[in-house]
Amino acid sequence: MIALDVQSVLLCGTQYGRVYLPAIYEQPGIELAGILARGSARSVRLAEQAGVPLYHEVNELEESIDMACVAVGEEIGLGMALKLLQKKVPVLIEHPISVTGCQQLLQVATEAGVPCHINGHFADLPPAVDFVKAATRLNAGYRPMVVTGSANPRTLYSWLDMLMRAFGAGELKNLELQTPGYTKDYSVCTFQLNEIPVNLTLQNWIGTEDDSKDAPLGHQFSVTYLIGNLQLTGTYGQCIWNPLVAAVADRSIPCSFTGPGVGNAVIAQLTDWRIKANQKAISQLSAEANGEMTPVHHQSTEYLKALTSAWSTMKAALPEQTRPAVPEAIPGRLWNVFGS
């Protein structure tokens, strides 16, 4: 039985998994119980610094674990998660997950009677939260005419997560992907989600390192309604609502409105955003495991199957990825292009 006072968390993986450590350390009622990793020097050092055991296999676990955060890529992470679920340990696993992997996770979780959540992460950052809330409010009275967006191979899963949180999970219909003859760096993808036309520009290339320097196309959206246009300018950008000026009777109101959760964010804030997003994901898993709440909609079986199916289908259609040079830093003169 899961204790209701302090929840013990096993961290699986220390490469990307390191980003979970601040969320675990700074969250009341959560404590790090151990690290499961292959045994690299980094893993040994982190376990020593945290004063927790370092495990190499799931079957080495001796003490009771209340939940696990699995941030190990590909089949290795999936295998860890499945073994933990079989031991009746609730699992929060990092995205992306294929439709086959999702089916395996949900089946084993159901058999074990414990929850398994997929952490899409980026949809819980303030800009995306503003976007989903605004779209949901607009959708109640107006049908989106068209959704235009852009993403890259690393952000495609979380971009689809944002899309489905805003406009409903479902099958992607009439999916077509074309790569223009003059470039192999970008593709144009069109499809329908719940009868809404979607036009997506896909960046085909990625950098050697997953450090976001290869993400000029991250998470962008532009949604056209009869009464205006809703935009999400980027992963860490702003959510902007531009009402149709000709239809507004009050001529004194602003031409655009920026979402309340962002404003002009500074780079130092972004780490805090990501910590809080992971804390939110951990809290939701903990609450469901303790019977304190039903699954949030975006962790329901129906939603996860639709999302992972869409990602798997689009991923299979992407052309071979290239790896061009990416900028080390933005020149100071170009940081603020509106400055004097």
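Two strands pair if DSSP finds at least two bridges between them, the helices (H or I, at least four residues) and strands (E, at least two) being DSSP runs numbered from the N terminus. The model is a predicted one, in which local features need pLDDT of at least 70 and side-chain atom pairs count only at pLDDT 80 or more, while totals for chains, interfaces and linings use all residues. Residues are numbered from 1 along each chain as its sequence is written, and side-chain values use heavy atoms, with hydrogens and water left out.

Begin with the open sheet of 6 strands, ordered S3-S2-S1-S4-S5-S6 with parallel pairing. Strand S3 (54–55) and S6 are its edges, each with a single partner strand, so one side of each has no neighbour in the sheet.

Select strand S5 (residues 91–94) next, which pairs with S6 in the parallel sense over 4 bridges and with strand S4 (residues 67–70), also in the parallel sense, over 3 bridges. Val-91 stands opposite Cys-116 in S6 and is the bridge partner of Ala-68.

Now display S6 (residues 116–119), where Cys-116 and Ile-118 point one way and His-117 and Asn-119 the other, all of them buried (under 20% relative accessible area, with exposed over 50% and partly exposed in between, for a 1.4 Å probe and protein chains only). In a regular strand the side chains alternate between the two faces of the sheet.

Move on to the open sheet of 8 strands, whose order is S8-S9-S10-S7-S11-S12-S13-S14 and whose pairing is mixed. Its edge strands are S8 (172–178) and S14 (257–258), each pairing on one side only. Finish at strands S11 (residues 220–225) and S12 (residues 228–232), which run antiparallel and are joined by 5 bridges, with Ser-222 opposite Gln-231 in S12.
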